[in-house]
Amino acid sequence: MVAEHTAMGDAGRVADDLARASLALARRFSAGATMWCASPEWPFHAHHVAVEFVHPVIVGKRALPAVTVPPAADMVATLRASVNPGDIVLVLADADDPRVLDTMRRGPAWGVETVWIGAGPQRPAPGAADHVIWVDTDVPLEASELFVRIYHLLWELTHVCFEHPGLLKPEPECTDEVCITCSDEGRPAEVVTVDGDEAVVRTPDGQERIDVSLIDAPAPGDLVLVHAGFAITSS
Amino acid sequence: MPETTDFLYPFIEGDETDSEELLEDLARSAQGKWRQSWKLREATLSQHEGQLQATAAAMAERFAAGGRLFTFGNGGSATDAEAVAHLYTQPPAGPAGGPASRALPARSLAEDQAVMTALGNDVGFELVFSRQLIAHGRPHDIAMGFSTSGNSDNLMRAFAEASKQGMLTVGIAGTDGGRMAAEGSPVEQCFVVRSDSVHRIQESQAALNHALWAAVQAVLPAA
């Protein structure tokens, strides 16, 4: 059974992470996002999150577009075909789940906000997702109970954010010419097709044709960094 | 959200720009609810301690006699039904060196979309679970339904059918237990999480489900 020290010890950090993730979700939903929920090992958790957002338990709250990725489906292939830039991908999984790792690293190329909920002494590497909401327990049933609390609170707090429309406006466009974020320093992209020294890649801004002669020949599905029309590294 | 915190936000009309105050308030609210959920969980488990043991003993008897567990619920409770079936059939590995848990036959009646839509479309949604029990049920089986209100019509129909067949009926309800806990209900063992919040109810129901599973494992005769 859940030890109190575990449940309450996580509460402070989890609460801060939940607050930030909720505001991000509210901003994305306000801008038209769909939330894609996946949990390869615990599909019932993904279903629960999706039904929570689509069919609110409190009458009068907005129904929000949330979908479960079918548990038997290829997660990367399904999401690649389905997500639009600005969408949300939320997963519940262990830190070493290869399907989830492969999905999350594509987030920047697809232009989606990623949320990773999980448990255990091992956390995802820094930067593995935009939001990591983690509890330390390695006891599966403790973790399962805490997950239910976490996604219930995620829903509750997201709806609180809707009461603050001023905070849900998109971030102002950056116009600073030397801004690293907006410059063409190295934008993540996913290779769609390869044609000799050129490739068509997917970025949050759409598809573009780039030069891949500076890197080893990439394959469709590979991630590359694009700078000034050239792929400069692959991962 | 029941709390009215509007007065804290003078910029509610849409020109609010600093999110730090909101983030702090959200985190505080989350911590409070987390604590509230924890307290309800503890109270729920201690109120139902004796009933958990009695129900586990009855369930273990059914399993030992070849019975199967059928779970059902609607919406979030359907996902609880799925989680419980998953737990019984694919129990987690315990601590290293400890005894392994036994896998037990269990199935969620809400999981097969072909069956659910066929029954919902052809005979009505109130019969989606009871019709499956007519097809599958045997006297040694166990019917376990989840509802936060305790009032779902399709659950009551399923419990009535299960009871008619001699199955053990277990209800995991909330609020005041509703029809599931009422006089004359076909639910033999009804657990009620006393709260008005659907979310807090489901969180404590998860704890009850886990405690009941652990108690069943503890009293099962050796394989």
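Q: What counts as a helix here, and how are helices numbered?
A: Helices are DSSP runs of H or I with at least four residues, numbered from the N terminus. The model itself is predicted.

Q: Which residue takes a positive phi just after helix 4 of chain B?
A: That residue is Gly124(B), with a phi of about 115°.

Q: And how many residues of helix 4 itself are buried?
A: Helix 4 of chain B spans residues 113–122, and the count of buried residues among its 10 residues is one. This helix is thus described as hardly covered.

Q: Changing topic: how many residues does each chain bring to the contact between A and B?
A: Chain A brings 35 residues and chain B brings 34.

Q: Which helices of chain A each supply at least two residues of that side?
A: They are helix 1 (4–9), helix 2 (11–30), helix 3 (43–54) and helix 7 (140–161).

Q: Which of them gives the largest share?
A: Helix 7 of chain A does, with 12 residues.

Q: What is the make-up of that side by class?
A: The side of chain A that touches chain B has 19 nonpolar, 10 polar and six charged residues.

Q: What about domains in chain A?
A: The domain assignment gives domain 1 (4–167) and domain 2 (187–234). Their centres, taken over C-alpha atoms, are separated by 29 Å.

Q: How many residues does each domain put into the contact between them?
A: Domain 1 of chain A contributes seven residues, and domain 2 of chain A contributes seven. By class, the domain 1 side has four nonpolar, one polar and two charged residues.

Methods
Residues numbered from 1 in each chain as written. Chains lettered and ligands numbered in written order. Predicted model: local features only at pLDDT ≥ 70, side-chain atom pairs only at ≥ 80, totals over all residues. Contact = placed C-beta atoms within 7 Å. Nonpolar A, V, L, I, M, F, W, Y, C, P; charged D, E, K, R; others polar. Domains from an automatic or database assignment. Buried ≥ 20, exposed ≤ 12 C-beta atoms within 10 Å, placed from the backbone.
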